[in-house]
Amino acid sequence: MAQILSLSEAIQRFVHDGETVALEGFTHLIPTAAAHELIRQNRRDLTLVRMTPDLVYDLLIGAGCAKRLIFSWGGNPGVGSLHRLRDAVEKGWPHRLEISEHSHAALANAYVAGASNLPFAVLRGYQGSDLAKVNP
């Protein structure tokens with residue numbers, strides 16, 4: 001039987017400091033309320049994963065919730081650069097942010113591998129790109 005929880009209770013029970021969180025979605029499906037609840041509950045040292053980090057991730061970074069960002073492209077086509085992401089990487093504000101950049105295909109394969117209970121997915125998409133030079 002499914003258990004229905006409020007968003008506040010779900011975040012309180014299932015998201016703790018230091019954990020990895022993926023808030024995926026596009027346009028009207030971006031989980032903005034979940035990001036706001038993480039900020040309200042003052043979660044810290046989170047590893048944030050998102051194929052295309054946008055304004056909600058910028059809010060999480062600016063609020064000091066994020067320790068690391070795993071992504072495939074950072075920005076928002078509608079409103080431009082993510083200023084808090086840039087501040088965290090370039091100026092260490094509100095604190096230094098570790099980043100790990102991948103391709104969209106690599107992150108999609110990582111999601112599939114995780115859903116399949118596999119440690120990794122085989123991907124040939126990095127051949128000919130510079131991503132392997134900047135990401136161990």
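A residue counts as buried when its relative accessible area is under 20%, as exposed when that area is over 50%, and as partly exposed in between. The exercises below apply to a predicted model.

**Exercise 1. Classify Asp87 and Arg84 by accessibility, then describe how the two are paired.**

Step 1. Asp87 has a relative accessible area of 15%, so Asp87 is buried.
Step 2. Arg84 has a relative accessible area of 31% and is therefore partly exposed.
Step 3. The two residues form a salt bridge, with 2.8 Å between the closest N and O atoms.
Step 4. Both belong to helix α4 and sit three residues apart, about one turn of the helix.
Step 5. An α-helix has 3.6 residues a turn, so residues three or four places apart point the same way.
Step 6. Lys91 joins Arg84 and Asp87 in a network of salt bridges.

**Exercise 2. Work out the surroundings of Asp54.**

Step 1. Asp54 is located in the loop between β2 and α3.
Step 2. Its relative accessibility is 7%, so Asp54 counts as buried.
Step 3. A side-chain oxygen of Asp54 lies 3.2 Å from the backbone nitrogen of Val56, capping the N-terminal end of α3.
Step 4. Asp54 also forms a salt bridge with Arg50, with the closest N and O atoms 3.1 Å apart; Arg50 is buried too.
Step 5. Apart from neighbours within four places in sequence, Asp54 contacts Ile30, Gly75, Asn76 and Leu82.

**Exercise 3. Describe how α3 packs against α2 and what covers its buried residues.**

Step 1. The axes of α2 (residues 32-40) and α3 (residues 55-62) come within 10 Å and cross at roughly 0 degrees.
Step 2. Angles under 35 degrees count as roughly parallel, so α2 is roughly parallel to α3.
Step 3. Thr32, Ala35, His36, Leu38 and Ile39 of α2 meet Val56, Leu59 and Leu60 of α3.
Step 4. Sorted by class, this contact has six nonpolar residues, two polar and no charged ones.
Step 5. The buried residues of α3 include Val56, Tyr57 and Leu60.
Step 6. Their cover includes β1, α2, β2, β3 and α4.
Step 7. Just after α3, Gly64 has a positive phi of about 85 degrees.

Terms used. Residues numbered from 1 in each chain as written. Predicted model: local features only at pLDDT ≥ 70, side-chain atom pairs only at ≥ 80, totals over all residues. Heavy atoms only, no water. Axes fitted to C-alpha atoms, helices over the stretch in contact; angles between N-to-C directions. Helix = DSSP H or I, 4+ residues; strand = E, 2+ residues; numbered from the N terminus. Parallel < 35°, antiparallel > 145°, perpendicular 65-115°, else oblique. Contact = heavy atoms within 4.5 Å. Nonpolar A, V, L, I, M, F, W, Y, C, P; charged D, E, K, R; others polar. Buried < 20%, exposed > 50% of the residue type's maximum accessible area, 1.4 Å probe, protein only. Polar contact = N/O pair within 3.5 Å; in protein donor to acceptor, adjacent residues only side chain to side chain. Salt bridge = Lys/Arg side-chain N within 4 Å of Asp/Glu carboxyl O.
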